[in-house]
Structure formats: C-alpha cells, structure tokens
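The sequence and structure are shown first.

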Amino acid sequence: MNKTMVVISDSTGETANQVLDAVKVHFDIKNVRIKKFSKIIRREQIDKILNDINGEILIFSTIVDRDLLNYLIEKTEMNESIYLVDVLSYPILVSSKFFKQQPKFDVGLNRKVDQEYLEKMEALEFAVKYDDCKDKFGILKADIILIGVSRTSKTPLSLNLAFKNYKVCNIPILPEVKVPSELFQVDNKKIIGLIIDSDKLNNIRENRMAKIGLQLGYSDDSRIEKELDYAKEIMNKIGCKIINVTDKTIDETSNEIISYIDK
C-alpha cells in the first residue's frame, strides 16, 4: 500500500494533527505513512513536499494564508493521486454565516479573513457542489457554466474560476445522456463550451486508463470523434462561446473566459 497521510500547516499544525488522529481510528491504516510539516509559508516548500512523496497522498491542511492555500488547492486538484482536506475554511465559512460576523484569524501570523476570502470560499463550495452535474439546478444559479466532453479540464477550471470569486458549475456532454433543459433557460453568454483536439484527448484518456488499470472504449478514436461531434452540435445549438483548450494552460483558459464574460 503506497499511501501517505500528510499534515501541512503555516503554523504549528496541531489542529490538523488532531483531525488526522481522529480520522485514523476509523480505518485500518497500519501500513500508511504519516508525515507532518509545520511553518510552511512558501510555494517552494509545498512543491518540495509534493515532489518528495510518492504514491497516493491525503493532505490535512490548516494553511491560513489565502494565496498559499489557493496554490495548494490548485496543485492537488491537478493531480488525481492527491486528496486534500482543507480543515479550516469550511467551518469558518459556516460559522461566519451563523454569527453574521467576519471572522478574525489569529493563527500563527495574525492574518484576517476578509469579505473577498469568504466570497472565494463560497464560490469554491459552489464549484464542488455543482461539479460534474451533481445538481442540474446549479445551472440556474451559476455565474459561469462549463460544458464539454470528459477530460477537457472542466473541474480544474471551475476551481480556478472559484478562486477568482466566480460561481461555476460544469456539465459533462455525452451522446447517451440528455442535455439538461436548464442550459436553454439561461443567458448563453454564461455558457462556455470546451473542446480539445482528438489526438490530445486520446493521449489524456489513455494515460488515465493506464493509471487506474482499465481498458475501455473510453479512449477509442471512434468514440472520441463521436463525443466531440455531439458536443459541438450541442454547443452550436445553444449558441455559446467555444474554446479549444488543446494548447492552453488552466490559467490561460480561465483568463479568456473571464475576459469574455466580463466584457
């Protein structure tokens, strides 16, 4: 079993340690490694931690610094073998709503959580709740709706945009699944269609299948062409903007979306 539980904190890490210890008692994890890192205040430190640990990683983070936390979230969301538990953000968000107060963060470096931070956490919560069409009614509430075939970076893009305070839902487009009618009830300017070159998509899916040890028609050329053709047909029917993400980074696509939405 090549698994590691990791504590990462920009302070002492005691809170994250306690959560990790509370979780451990519920599982048989005798062969799981445990590593603890405190006083993490730079991106380079996070990069070193993630690069030095092999296999699957479960991170318990109590990082307070918003930029550093966002960096950690982005790094983990782009790697399917890393799982992140953000110990503080969601409890603080809910408590803030309950007390109708803006929270004060006196952890380690005496940082304050301002309204922008709370809005960012709400957007992140929204992106997780309405990821992959878990609830189609998110379409009616979202600032931005991403549609596209599988492996066109819909989830990482949703999270990237959430960091920039946009509430995003994403909808997978499959020939066998009926498109939600709600897509035709909202302003089509809010909808962004994501496409990708078939060769690149084939490579991405084959790598994905190799990692999880499966061999399915998921990466067949004919299947990919069918999915892409159907997705383009739906996008044209909606009349939404279409972005080819083949040679774009997440940030480049995100910035292009924001420029289009806000103009």
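Does Phe-126 count as buried or exposed? The model under discussion is predicted, and in it Phe-126 has a relative accessibility of 8%, so this residue counts as buried.

## Aromatic pairs

A pair of aromatic rings is described by the distance of the centres and the angle of the planes. The count for this model comes to two aromatic pairs. Tyr-130 counts as buried because its relative accessibility is 2%, under the 20% limit. Phe-126, at 8%, falls under that limit too.

Another pair is formed by Phe-98 and Phe-99, whose ring centres lie 5.0 Å apart. Their planes stand at 80 degrees, which is over the 60 degrees required, and the pair is therefore edge-to-face. Both of these phenylalanines, Phe-98 and Phe-99, are exposed.

## Charges over the ring of Tyr-260

Two lysines are placed over the ring of Tyr-260. The charged end of Lys-241 sits 5.3 Å from the ring centre. Lys-189 lies over the face of Tyr-260 as well, with a distance of 5.7 Å to the ring centre.

## The largest pocket

The largest pocket has a volume of about 1,400 Å³. Its lining comprises 41 residues, and those closest to the centre are Glu-77, Met-78, Thr-155, Pro-156 and Leu-159. Several elements each give two or more residues to this lining: helix H3 (66-77), strand E4 (82-86), helix H4 (89-99), helix H5 (115-129), helix H7 (154-163), helix H8 (198-212) and helix H10 (250-262).

Sorted by class, the residues that line the largest pocket are 18 nonpolar, 11 polar and 12 charged. Both domain 1 (3-96) and domain 2 (120-262) take part, each with at least three residues in the lining.

## The second largest pocket

The second largest pocket holds about 230 Å³ of space. Its lining is made of 14 residues, and Lys-3, Met-5, Ile-29, Val-32 and Leu-58 lie nearest the centre. Two or more residues come from each of strand E1 (3-8), helix H1 (14-24) and strand E3 (56-61). The class composition of this lining is nine nonpolar, one polar and four charged residues.

How many cavities of 30 Å³ or more does the structure hold? There is one, and the volume of the largest cavity is about 50 Å³. The residues that line the largest cavity are Ile-73, Glu-74, Glu-77, Met-78, Pro-156, Leu-159, Asn-160, Phe-163 and Ile-250. Helices H3 and H7 are the elements that give two or more residues to this lining, and H7 contributes the most, with four.

By class, the cavity lining has six nonpolar residues, one polar residue and two charged residues. Domain 1 (3-96) and domain 2 (120-262) each supply at least three of the residues in the lining of the largest cavity. Glu-77, Met-78, Pro-156 and Leu-159 belong to the cavity lining and are also among the residues closest to the centre of the largest pocket.

Key
Residues numbered from 1 in each chain as written. Predicted model: local features only at pLDDT ≥ 70, side-chain atom pairs only at ≥ 80, totals over all residues. Heavy atoms only, no water. 1 Å grid on protein atoms, 1.4 Å probe; cavity = no way out; pocket = protein on both sides within 12 Å on 5 of 7 lines; lining within 4 Å. Points joined across faces, edges and corners; volume = space filled by probe spheres on them. Nonpolar A, V, L, I, M, F, W, Y, C, P; charged D, E, K, R; others polar. Domains from an automatic or database assignment. Phe/Tyr/Trp six-rings, centres within 6.5 Å; stacked < 30°, edge-to-face > 60°. Buried < 20%, exposed > 50% of the residue type's maximum accessible area, 1.4 Å probe, protein only. Lys NZ or Arg CZ within 6 Å of the ring centre and 35° of its normal.
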